[in-house]
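Please look at the sequence and the model first, then go through the points by topic.

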Amino acid sequence: MEKKDFKPYLIEYLKDELDEETKKEIQSKLKVDLELQEELNEMQVVFGELNKVSIQKPDMQLKENFQKMMEENTAQAPGLFSSSISNIQNWINNFQVTISFKQMAYAAVLLLVGFFIGYNQNTGTIISGEKNQELSMEIEELRKNMMLTLLEQPSASERIKAVNISYDLEDADPKVIEALFFTLNNDKNSNVRLAALEALTRYSFNKKIRNGLTESLRHQNKPLIQIALIDVLTEMHDKSLKKEFNDLLQQGELDSDVKEKINESLEILM
Amino acid sequence: MKYISKINSLLVLLMFFSLSGFSQEISKKSVIVPLSKPGEPGKLYVEIHNGSIKVSGHDGKEVIVVSKTNALEQQHSSNSEGEEKEKSKDNPPEGMRVVGNNAYALDIIESDNKVKVDTDSHYSNIDLEIQVPKNFALYLENHRNGNIEVDNIKGVEINAESHYGSITLANVNSPILADTHHGDIIVTFSDVNSENPSAFSSYNGNIDLTFPKKGNATIKTKSERGNIYTDMAVTVNDSDPKVITKSKNGTNYYSVEKWNYGKINSGGPEFSASTSKGNVYIRVQK
């Protein structure tokens, strides 16, 4: 039992780091305990070998290199050494890596669109009026073309989308009006035709458009659209419509709901 | 491709002969149409004059068209004169049975996954039951009598037009365009993720739309003589209606929009519902 107690002290004993009391104790113990003695001898051998291994001292070159690397790193890396500016820079660098090109393009488009919207709202305040007008005209042109292209889509839902774009157009562009009328008179889908009618209603103060709507009433054969057209036309309170409505009443195959509507409208127009 | 469709039409013809069977009151024709590109999205065009159209999505890779007619019965019930004559024709002479009237054509064309179903249903009432793969877009139209029913279709777009009939669409995705003069339009959406607008119009009928709980939508409703009802989950825009201002030659024009606006969740693509004499119901699934 006692022997074990001394074992941990052997290393310190060899290094001569023990206090006098324990040193004496170990020495007296060593004289009696052979096993402990043997252990001490073994340890002495190991220590002897260890001492033979020379400790390599780092040369100056290494130190210099390290210093250099450190300086380089602190210039780039965030953390304790870098300033707040390089911190942000680094954050941006990281950010660029994580977002894809598509996302960047999307962001760019959004930024552009946002710019144009803001630009439109600040008419005349940013750049001189002339240039501004030129730009907003370009946007108008872009919207117009987009609308005209979408109107030719095979999907009826896309065509309604196209009609809805016309609401964003400032002026009653002849091409747009023409396209809306073409849709009103020819589109296969009733809901698209109704949407076109509603878009055209905005311009109904214009005599030409009113005439176009009256003309359209003669082409329509679907009661749902006939009635919607009669509603729009009646709201214009144009007395000349009375003749038009009466003519329509003479038609043989008129839906009973349409007849009812015309009679109501004629009363309003009286 | 031409070759394939030729084979298809041959098949169709063959099936006509083999499957057009007789039953007691109704004459039934059934055609299985294989697709040029099985598994890929397709389109179904149906236009009939009299009769209902029922389309449902199935897991198969072909289009199955079943047509039924009860021509005699329909013809006479629509014929108001001569009740006695009708009776004598409807009750077969002793020892005889009715085999139905098979005198109608059912034409089916398949090309490039586009399937067109045509009938000459001017005089007889032909009901169609069509099964298509779920990823089919639908273009359905019936001019006079008959309802349109659609179930379980996830295709890109559904267009449905009727005159007297109602339009019932269940388990469908947006966008949808539907209109009928006299019937109701009832739609239950399973998904409204498409960014494209949907539109529903009726004159005498109700429009009843049910949205999925998580869907985002902007609702635009109008009923001239009916009411508009919405669930609590629909935020109704109570702000003043939109005033459109236009000026021309020094005269200002103001027109106030007739539409009511509302939102489901954060708002999204536009769903417009307009009827003159019916009601509009906007619901959100609980």
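How many helices and strands does the secondary structure of chain B come to? The answer is three helices and 24 strands, where helices (H or I, at least four residues) and strands (E, at least two) are DSSP runs, numbered from the N terminus. This is a predicted model, in which local features need pLDDT of at least 70 and side-chain atom pairs count only at pLDDT 80 or more, while totals for chains, interfaces and linings use all residues. Residues are numbered from 1 along each chain as its sequence is written, and chains are lettered from A and ligands numbered from 1 in the order in which they are written.

**Chain B overall**

- Of the 286 residues in chain B, 37% are buried; a residue is buried if 20 or more other C-beta atoms lie within 10 Å of its own, exposed if 12 or fewer, and partly exposed in between, with C-beta atoms placed from the backbone.
- Among the contacts in chain B with a separation of 6 or more, 62% are between residues 24 or more positions apart; two residues are in contact if their C-beta atoms, placed from the backbone, lie within 7 Å.

**The sheet in chain B**

- An open sheet of eleven strands in chain B runs in the order β6-β7-β3-β9-β11-β13-β15-β23-β17-β22-β19, with mixed pairing; two strands pair if DSSP finds at least two bridges between them.
- Its edge strands are β6 (106-111) and β19 (234-236) of chain B, each of which pairs on one side only.
- From one strand to the next, the twist averages 15 degrees.
- Helix α11(A) packs on this sheet and touches β11, β13 and β15 (198-202) of chain B, and its direction makes about 90 degrees with that of β15(B); angles run from 0 to 180 degrees between N-to-C directions, and axes are lines fitted to C-alpha atoms, for helices over the stretch in contact.

**Strand β11 of chain B**

- In a regular strand the side chains alternate between the two faces of the sheet.
- In β11 (residues 158-161) of chain B, B:Ile158 and B:Ala160 point one way, B:Asn159 and B:Glu161 point the other way, and all are buried.
- Strand β9 (residues 136-142) of chain B pairs with β11(B) in the parallel sense over four bridges, and B:Glu141 has B:Glu161 as its bridge partner.
- β11(B) also pairs in the parallel sense over four bridges with strand β13 (residues 176-180) of chain B, where B:Ile176 stands opposite B:Ile158.

**Where chain A meets chain B**

- The contact involves 18 residues of chain A and 17 residues of chain B.
- On the chain A side, α9 (156-165), α11 (190-201) and α13 (223-235) each give two or more residues, and α9(A) gives the most, with six residues.
- That side of chain A divides into eight nonpolar, six polar and four charged residues; Ala, Val, Leu, Ile, Met, Phe, Trp, Tyr, Cys and Pro count as nonpolar, Asp, Glu, Lys and Arg as charged, and the others, Gly among them, as polar.

**Helix packing in chain A**

- The axes of α9(A) and α11(A) come within 9 Å and cross at roughly 0 degrees, so the two helices are roughly parallel, a term for angles under 35 degrees.
- In this pair, A:Ala156, A:Arg159, A:Ile160 and A:Val163 of α9(A) meet residues of α11(A) including A:Asn191 and A:Val192.
- Helices α10 (residues 174-186) and α12 (residues 207-219) of chain A pack at about 20 degrees with axes 10 Å apart, which makes them roughly parallel too.
- Residues of α10(A) including A:Ile177 and A:Phe181 meet A:Ile209, A:Gly212, A:Ser216 and A:His219 of α12(A).

How values were computed. Parallel < 35°, antiparallel > 145°, perpendicular 65-115°, else oblique.
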